Amino acid sequence: MIATLLTEPIGVAHYLVVGAVMFIAGIVCMATKRNLLGVLMGVELVLNGANVNFVAIGSPYLRGDTASVGLDGQLMALFVIVLAAAEAAVALAIALNFYNTVNTIDVDAADQLRG
Amino acid sequence: MIGHSILFTLFAAAACGFAAMVVISSNVVRMAFYLVISLSATSGLFFLAGADFVGAMQLMIYVGGTLVLLIFGVMLTAQQRFVHMRPSWSEVVLAGLLGTSLLVLVASTAFSVPAWRGAGPKGASLAEPPLTATSIALGLVGLRVDSDAQNGQPLAGYLLPFEVVSVHLLVVLVGAAYLARTRVTAGSLSAQPPGGFDPDDVEADPQTAQPPNL
């Protein structure tokens, strides 16, 4: 599979593999980092992996005009970028509040709501 | 065509490699730097796919705005004991196993669809430069200039989602400013003398600090 991946011309599947690698890296980053900002970086990686998929599916250069979804993929990618900016702003505000409250940025310290 | 393949390999290797280094590194400052490189390489992939406006927005909003915000957060919280925080080895091994198996599953799924393999039918040539900014702007105000290839009908515009996401961004930014503001509690206000600024409160040297009720 790897040999055909390297020899055939660049298609949607190549972009999807790049998006999958970024998505998995973000998931693992979210699951293993103890720093709250590391978790945030994992979220950014996941959103970018989704963006790569959107742009690849909507690209007329990769799929041709007959199978293309027009500009839908690029417009969705723009919405994802704007929502990621909003998410980063509010998550950073929560992170700073958390840091000021418990004097640490370790997410394992956020256990005050346990039953 | 060969140049396209070489550039794609370069940008894809940078995006994937630095995304993996974000996961591997335990230094939060270096993680932020690797993330900048990874997202910049992703914008290069967007340019190669013909999405010039999305690639420019990725550079301007994501790399120039969101990541700078994230780096400010790193700078505000990067005390000495928080720069390096390692998870336990069992968690690393478990996450590596799960991530690798999930990656194999998703990548094999991406290659199992025949329509996504190879170059496909070429509708647009790589020689003509993509200019999508005008059509994207028209799509955002509700007028689509590109049409559905199957039945020739114009596609739906995005005016309502654009308005929704604009108001959402405004509300979220106001909420973030409210959340991140400096706390002014009732105790901190009543502890200060009515004259306002008291120089004894900020005096750092304990030898020259006067007791407050002398």
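Two residues are in contact if their C-beta atoms, placed from the backbone, lie within 7 Å. By that rule, among contacts in chain A between residues at least 6 apart in sequence, 53% join residues at least 24 apart. In chain B, 42% of contacts between residues at least 6 apart in sequence join residues at least 24 apart.

This is a predicted model, in which local features need pLDDT of at least 70 and side-chain atom pairs count only at pLDDT 80 or more, while totals for chains, interfaces and linings use all residues. Residues are numbered from 1 along each chain as its sequence is written, with chains lettered from A and ligands numbered from 1 in the order in which they are written.

Start with the two chains. Chain A has 5 helices and 0 strands. Chain B has 8 helices and 0 strands. Helices (H or I, at least four residues) and strands (E, at least two) are DSSP runs, numbered from the N terminus. Of the 115 residues of chain A, 58% are buried. In chain B, buried residues make up 22% of 214. Buried here means that 20 or more other C-beta atoms lie within 10 Å of a residue's own; with 12 or fewer it is exposed, and in between it is partly exposed, with C-beta atoms placed from the backbone.

Next, the interface. Chain A puts 70 residues into the contact, and chain B puts in 77. On the chain A side, the elements that give two or more residues are helix H2 (12-32), helix H3 (36-58), helix H4 (60-63) and helix H5 (72-102). H5(A) gives the most, with 22 residues. By class, this side of chain A has 50 nonpolar, 13 polar and 7 charged residues. The classes are simple: Ala, Val, Leu, Ile, Met, Phe, Trp, Tyr, Cys and Pro count as nonpolar, Asp, Glu, Lys and Arg as charged, and the others, Gly among them, as polar.

One helix pair shows how the chains meet. H3(A) and H2(B) pack at an angle of about 10 degrees, and their axes are 11 Å apart. Axes are lines fitted to C-alpha atoms, for helices over the stretch in contact, and angles run from 0 to 180 degrees between N-to-C directions. H3(A) and H2(B) are therefore roughly parallel to each other (under 35 degrees). From H3(A), the contact uses residues including Leu37(A), Met41(A), Glu44(A) and Val55(A); from H2(B), those including Val28(B), Leu35(B), Leu45(B) and Phe46(B). This contact has 10 nonpolar, 3 polar and 1 charged residues.

H2(B) also packs within its own chain. Its partner is helix H3 (residues 52-77) of chain B, at an angle of about 175 degrees and with axes 8 Å apart. H2(B) and H3(B) are therefore roughly antiparallel to each other (over 145 degrees). Among the residues that meet are Leu39(B) and Phe47(B) in H2(B), and Tyr62(B) and Leu67(B) in H3(B). The residues of this contact divide into 16 nonpolar, 5 polar and 1 charged.

Now look at H1(B), residues 2-24. This helix has 23 residues and reaches 32 Å from its first C-alpha to its last, close to the 33 Å expected. The expected span is 1.5 Å times one less than the number of residues. Its buried residues include Phe11(B), Ala15(B), Ala19(B) and Val22(B). What covers the buried residues of H1(B) includes H2 and H3 of chain A together with H2 (28-48) of chain B.

The core follows. A nonpolar core is a set of buried Ala, Val, Leu, Ile, Met, Phe, Trp, Tyr and Cys residues joined through C-beta atoms within 7 Å. The largest has 79 residues, and Ala25(A), Val22(B) and Leu45(B) have the most contacts inside it. H2(A) supplies the largest share of this core, 15 residues. Leaving aside neighbours within four places in sequence, Ala25(A) is in contact with Leu45(A), Ala19(B), Ala20(B), Val22(B) and Val23(B).

Finish at H5(A). It has 31 residues and reaches 44 Å from first C-alpha to last, close to the 45 Å expected. Phe98(A) is found in this helix. With 18 C-beta neighbours inside 10 Å, Phe98(A) counts as partly exposed. Leaving aside neighbours within four places in sequence, Phe98(A) is in contact with Leu36(A) and Ala110(A). After H5(A) comes Asn103(A). Asn103(A) has a positive phi of about 60 degrees although it is not a glycine. Most residues other than glycine have a negative phi. With 9 C-beta neighbours inside 10 Å, Asn103(A) counts as exposed.

Technical notes
Parallel < 35°, antiparallel > 145°, perpendicular 65-115°, else oblique.
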